[in-house]
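Please look over the model below before reading my comments. Keep it open as you go through the points.

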Amino acid sequence: MTPPDRRALRDAFGGFMTGVTVVTTREPDGSALGFTANSFSSVSLEPPMLLVCSGRSLSSHDVFATCAHFAVSVLAEGQEDVSNVFASFKGDRFARIAHAPDANGIPVIDGAVAKFSCRRVRSIPGGDHTILLGEVTGFTHSDGLGLGYARGRYFSLGLERAAVFADSTRRIVAAALIEQDGHVLLEETPEGMRPPQFEFEAQGNLRAAMEARLAGSVILGSAYSIFDDRQTNTHYTCFLAQATQGCALAGRLVPIDDLAGLTFETPAIAALCTRFALEYGTRDFTLYVGDEASGDRHEISKEP
Ligand SMILES: Cc1cc2nc3c(=O)[nH]c(=O)nc-3n(C[C@H](O)[C@H](O)[C@H](O)COP(=O)(O)O)c2cc1C
């Protein structure tokens, strides 16, 4: 196969998501050998059998192809370092990674989500690899999630799930600091004060959505703070705004000078309002972009 075809085939195989295992055995002199493998597959339940493919170019290939016993440790998420050691470290791999002998005396990896002890049944030639067919003589397993591998990269199902969950449940909230004659309009909540806010289905064009909600009551100014409040899983965008004559919005007009002494709904909203009080003195407003703990400030024009 020509090199580009080889590359393409490797990429095509890489589209198949796998777990990651470490395959281990002992040389006749007793020294331990092991390599990282994602070519693992279960084969049979009765009798219990599995297979793994060992590259003919591996320094340990011949030992695995003729050994009496080998073991397969299915790595847990978080064990990327174990995989890397058994894929590329050239020194004593077992000196770096915690392990213990199985019933056949073959080392298995501590913390692996499943450990299979095998009697090698056959070594089947498979092109540039040898298929090691093993009969499972013993195994242990835990409920933990295995480490994933796809397209040449590790992945963790637990982290992916958490990210999807966080994203799908994240609230999109837009608010406005509405100023009128040295006062700002605030809503009262059981936890404390906050600028009037609205929840939206999607990020979309929040400015247009806010203008529609506040129609006639305010003139919307610059975005003033854009942050993720991880405590409440909320993406928060706050605009500066000026109340129009006859503004009919509900809430309490609080003197801006008194903001520092108030109790606010969340620490992030407290930081937003106290920063507004400080910057209102000089009208040197800055746009904050970040999260509730840290972020960047960007200069914006003097308004409202
Ligand atoms: C995620 C991953 C999966 C791998 N799967 C296999 C495999 O199934 N078979 C194989 O022969 N090598 C596989 N390798 C490569 C071997 O682990 C690597 O070539 C071997 O440890 C080199 O050992 P050596 O230095 O003793 O020759 C994989 C490497 C990684 C990172």
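1. First, a caution. This is a predicted model.

2. Start with Asn104. It sits in the loop between strand 7 (99–101) and strand 8 (107–109). Buried means under 20% and exposed means over 50%, so a value in between is called partly exposed.

3. What does Asn104 touch, leaving aside its neighbours within four places in sequence? The contacts are His69, Ser117, Cys118 and Thr137. With Thr137 there is also a polar contact, side chain to side chain, at 3.5 Å. Ala37 is another matter: 67 residues from Asn104 along the chain, with 21 Å between the two C-alpha atoms.

4. Now find helix 3 (residues 80–88). Val82, Ser83, Val85 and Phe86 are buried there. These residues lie on the same side of helix 3, because they cover an arc of only 165° around the axis. An α-helix has 3.6 residues a turn, so residues three or four places apart point the same way.

5. What covers the buried residues of helix 3? The cover includes strand 2 (21–26), strand 3 (32–37), helix 4 (93–96), strand 8 and strand 12 (153–156).

6. Last, the cysteines. A disulfide needs two cysteine sulfur atoms within 2.5 Å. The count is 0 disulfides. For Cys118, the nearest cysteine sulfur belongs to Cys67, 9.3 Å away. For Cys238, the nearest is that of Cys273, 7.3 Å away. Cys118 is buried, at 0% relative accessible area. Cys238 is buried too, with a value of 0%.

Methods. Residues are numbered from 1 along each chain as its sequence is written. This is a predicted model: local features need pLDDT of at least 70, side-chain atom pairs count only at pLDDT 80 or more; totals for chains, interfaces and linings use all residues. Side-chain values use heavy atoms; hydrogens and water are left out. Helices (H or I, at least four residues) and strands (E, at least two) are DSSP runs, numbered from the N terminus. Contact means heavy atoms within 4.5 Å. A polar contact is a pair of N or O atoms within 3.5 Å; within protein, one must be able to donate a hydrogen and the other to accept it, and residues adjacent in sequence count only if both atoms are side-chain atoms. Buried means under 20% relative accessible area, exposed over 50%, partly exposed in between (1.4 Å probe, protein chains only). The arc is that of the directions from the helix axis to the C-beta atoms.
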